[in-house]
Amino acid sequence: MAPHPLSTRDLPLPQQGSLTWIGVRPARNAPMLALTEAILLTGQGIQGDHFPSRPGSKRQVTLIQSEHLGVIAALTGVRMVMPEQLRRNLVVTGINLLALKERRFLIGETLLEGTSACAPCRKMEAALGPGGYQAMRGHGGICARILSGGVLRPGDPVRVLDREP
């Protein structure tokens, strides 16, 4: 069978997701703080988040799929995993986040670009118990750059842009 003439990045992504949770770390090693709205700063990160993002950084905001919370819980043997435990900034549902890697997408009117998979850190062992790090592998979501900032609220739609503007 001949290879598909388009790169996988050019294949359509018809799903539209939605933002379900927003969180920041107000200080180093502080617990995540859930927000009802957040301001994303172009080229920087989320206002009030401690994570020091350098200009041009590929990790200005982190996202994880809501659908993966249950998978992570099952792999760690717990009944439920809460977004705060995973230390990601945004939780979305209804769209495959890995398909957004190297693509531009909107959350509400905020323009983001998926840059890489978001690998778990060693803190997952403490947050989720023994095996937490391994349970997160492949389910850690993505990192993104903020190309055009704005206000985000749970319920905002997540839409991929078919072509770069």
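Trainee: Let's start with Glu113: buried or exposed?

Mentor: Glu113 is buried, at 15% relative accessible area, because the cut-off for buried is under 20%. Keep in mind that this is a predicted model.

Trainee: How far apart are the N and O atoms for Arg145 and Glu113?

Mentor: Their side chains meet in a salt bridge at 3.1 Å, N to O. That pair links distant parts of the chain, with Arg145 in strand E9 (residues 142-148) and Glu113 in strand E8, 32 residues apart. Arg145 counts as partly exposed, at 23% relative accessibility.

Trainee: New topic. How many salt bridges turn up in the whole structure?

Mentor: A search finds five. One of them pairs Arg25 with Asp49, whose closest N and O atoms are 3.5 Å apart.

Trainee: Why does the Arg25 and Asp49 pair tie together separate parts?

Mentor: Because Arg25 sits in the loop between strands E1 (17-24) and E2 (33-35), while Asp49 is in the loop between strands E4 (45-46) and E5 (61-65), 24 residues apart in sequence. Both Arg25 and Asp49 are buried.

Trainee: What about Glu109 and Arg159?

Mentor: Their side chains form a salt bridge at 3.8 Å, N to O. Glu109 lies in the loop between strands E7 (104-107) and E8 (110-117) and Arg159 in strand E11 (residues 157-160), so the pair connects parts 50 residues apart in sequence. Glu109 counts as exposed at 64% relative accessibility, and Arg159 as partly exposed at 24%.

Conventions. Residues are numbered from 1 along each chain as its sequence is written. This is a predicted model: local features need pLDDT of at least 70, side-chain atom pairs count only at pLDDT 80 or more; totals for chains, interfaces and linings use all residues. Side-chain values use heavy atoms; hydrogens and water are left out. A salt bridge is a side-chain nitrogen of Lys or Arg within 4 Å of a carboxyl oxygen of Asp or Glu. Helices (H or I, at least four residues) and strands (E, at least two) are DSSP runs, numbered from the N terminus. Buried means under 20% relative accessible area, exposed over 50%, partly exposed in between (1.4 Å probe, protein chains only).
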